[in-house]
Amino acid sequence: MAGISIKDIKPTYEGFIFTMIFALLFIVTNLYMIDYKSMQNLIESEDPFMILILFAILVFLGKNSQIDFNKYRLYFLVLWGLYVAAITASMLMKDHFVWTEMIVWLMLTVVLTYRIPSRLVTYLIIAALLSLPALLMIDHTLNESGATLVLVFTAGLLLMPKTNRSMLFYILPAFIILNIITTSRTAMAAFIVVALIQLAWINLPGASRTQKKWFAGAVGGSIIIVMIFFFRPIFDFFIGPYAINNGFSLDTFTSERYVLWETIWAEKKWFGQGGSYFDFTELLHAHNILFDTLGRYGILAALLFVFVLGAAGVIALMRRNFDILLYFGVFIFIGMFEYSYLFMFVYFSPVVLFFMLLAYVLTPKEESAGG
């Protein structure tokens, strides 16, 4: 499959304009996410932001691409259509139909029918990266900003030269910013795992047995040194307070999320319970993309959502696009603990990148190359 590389993008006026439009939209949505100057009290709904972003994407596709139904895309769209149909049935049956939400689903469906030029994905990734400094404007740490940074960082790996030096200059600043804006264990763990996987992917394929031993020794030695000198703060950050102060349990370890998940599972219905499927007094959302879907839209939609995520991973694997597969993996991992899917909370750039990368892997090599 055609790779995504910043070297393949020729600077154009159109590219600059679209990149700046996406960057501006992502900056605004990041400020909304961190509730900069109480923006969330001034704006009634998040959906218009997503509609604006998808409208800009469709304008670009309408001018630079065309609809196509290749084998992979057609099979996936059948599955996707069933998923959206299950959501629609839930909204109608449980009386929580929202027109703006349905517009977003329909716009996403249209996006998935298009051939996706690699340069559009590049514009979106660059725009998402440019929007990250807005997260520094928050006056307190926030789990959501950490999840956003890690996912955008992972998407940015598609553009980075596959060298250790480039990775060093990319990873270290991102890790510093991550420590400033969040104390999320999920975001920290995901970032470290992504960095190690990416370094392994750069150094191990095609390496000799000796080189592999040196790499394994360097990584293992670094981990041992870090654990020797920083074991206590690392233990306190990831495990300590939950295992010692409160007595270890799944609920304390998951910061009281497990009881919420357990309640949603116990009260599961075929078509869900609507937007108010739980009395959210402590947590603002279920902190799990699957339980969000199960509680809101029901068993049928949740099963189809699992199939959609699985199909996305299988197609990325078949297309041998490691970086996109890694993004999908991190999207799901963070989603199991912290990340809300689409309409429950205020994430934007990671969701847009997820769907654009999904649409991109549905586009064969000869269609996506160059544009």
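Trainee: What share of the contacts with a separation of 6 or more comes from residues 24 or more positions apart?
Mentor: In this predicted model, such pairs account for 79% of those contacts in the chain, a contact being heavy atoms within 4.5 Å.
Trainee: How many helices and strands are there?
Mentor: The chain has 18 helices and zero strands; helices (H or I, at least four residues) and strands (E, at least two) are DSSP runs, numbered from the N terminus.
Trainee: Which residues have the most contacts inside the largest nonpolar core?
Mentor: Ile57 and Trp80 do, in a core of 105 residues. Such a core is a set of buried (under 20% relative accessible area, 1.4 Å probe, protein chains only) Ala, Val, Leu, Ile, Met, Phe, Trp, Tyr and Cys residues joined through side-chain atoms within 4.5 Å.
Trainee: Which helix gives the most to this core?
Mentor: Helix α17, residues 349–361, contributes eleven residues.
Trainee: And what is Ile57 in contact with?
Mentor: Beyond its neighbours within four places in sequence, its partners are Phe22, Val111, Leu120, Leu124, Val352 and Met356.
Trainee: Changing topic, where does Phe333 lie?
Mentor: Phe333 is part of helix α16, residues 322–335.
Trainee: Which residues does Phe333 touch?
Mentor: Thr186 and Ala190, leaving out residues up to four places away in sequence.

Key:
Residues numbered from 1 in each chain as written. Predicted model: local features only at pLDDT ≥ 70, side-chain atom pairs only at ≥ 80, totals over all residues. Heavy atoms only, no water. Buried < 20%, exposed > 50% of the residue type's maximum accessible area, 1.4 Å probe, protein only.
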